[in-house]
Amino acid sequence: MQPEHLKNNMLSPKVQQLKAIRTVLLALHKRLLDGERDLYEARHGRIATPNEFLQLALEDEEFDWLRTFSKLIVEIDESIASRRDPITLEKANALLQISRETLQPSPIGTPTAQKYYAAIERNSTVAQLHLQIKAVFDR
């Protein structure tokens, strides 16, 4: 087991890495939502109001895969901001691993991985944001 001061020295870069991932993930999430909205509207017609879109994003099956990204953002935010339960090195490492797994596109993986892969193939901005996240992981 490592002494506490060594853990603290190792924690700060991990928290910074999580913050960097979160920043890019927010932009990525927005682009993915926009893209899914476009696909939805092409199949079902125009979404009339922002409230209708919010309800679809929260409840409709076609947007379900994006909730994985939403939950990841919330989990990172809560872990970093918690004053009652400060983030530990173990938690930071676990969140980084969850982020790596979540942000792994694949044409044959989980439904989320497949849809993420398709979004990267369809949208150059999504592809650029994915490369930015990969660069943060490679630090």
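**Exercise 1. Secondary structure order**

Task: State which pattern the protein chain follows when read along the sequence.

Solution. Step 1: the model is a predicted one. Step 2: count the elements; the protein chain holds six helices and zero strands. Step 3: written in sequence order, these elements give α-α-α-α-α-α.

**Exercise 2. Overall dimensions, surface and charge**

Task: Describe the protein chain by its box, its accessible surface, its buried share and its charged side chains.

Solution. Step 1: along the principal axes, the C-alpha atoms occupy a box of roughly 60 × 30 × 20 Å. Step 2: the accessible surface is about 8,600 Å², and carbon and sulfur atoms contribute 53% of that surface. Step 3: of the 139 residues, 35% are buried. Step 4: there are 19 positive and 19 negative side chains. The centres of these two sets are 6 Å apart.

**Exercise 3. Leu25 and its partners**

Task: Decide whether Leu25 is buried or exposed, and list which residues Leu25 touches beyond four places in sequence.

Solution. Step 1: locate the residue; Leu25 belongs to helix H1, which covers residues 4-44. Step 2: apply the cut-off, under 20% relative accessible area for buried. Leu25 has 0% relative accessibility and therefore counts as buried. Step 3: leaving out residues up to four places away in sequence, Leu25 touches Phe69, Leu72, Ile73, Leu103 and Ile133. Step 4: take one of these partners, Ile133. Leu25 and Ile133 are 108 residues apart along the chain, while their C-alpha atoms are separated by 7.5 Å.

**Exercise 4. Ile21 and its partners**

Task: Repeat the analysis for Ile21: is this residue buried or exposed, and which residues does Ile21 touch?

Solution. Step 1: Ile21 is also a residue of helix H1. Step 2: its relative accessibility is 0%, so Ile21 counts as buried. Step 3: with residues up to four places away set aside, Ile21 touches Ile76, Leu96, Ser99, Leu103, Val136 and Phe137. Step 4: for the pair Ile21 and Ile76, the sequence separation is 55 residues and the C-alpha distance is 9.2 Å. Step 5: for the chain as a whole, among contacts with a separation of 6 or more, 64% join residues 24 or more positions apart.

**Exercise 5. Packing of H5 and H6**

Solution. Step 3: H5 contributes Tyr116, Ala119, Ile120 and Arg122, and H6 contributes Ser124, Val126, Ala127 and His130.

Key
Residues are numbered from 1 along each chain as its sequence is written. This is a predicted model: local features need pLDDT of at least 70, side-chain atom pairs count only at pLDDT 80 or more; totals for chains, interfaces and linings use all residues. Side-chain values use heavy atoms; hydrogens and water are left out. Contact means heavy atoms within 4.5 Å. Helices (H or I, at least four residues) and strands (E, at least two) are DSSP runs, numbered from the N terminus. Buried means under 20% relative accessible area, exposed over 50%, partly exposed in between (1.4 Å probe, protein chains only). Accessible areas come from the Shrake-Rupley method with a 1.4 Å probe; for residues, only the protein chains shown count as cover. Lys and Arg count as positive and Asp and Glu as negative; His and the chain ends are not counted. The place of a charge is taken as NZ of Lys, CZ of Arg, CG of Asp or CD of Glu.
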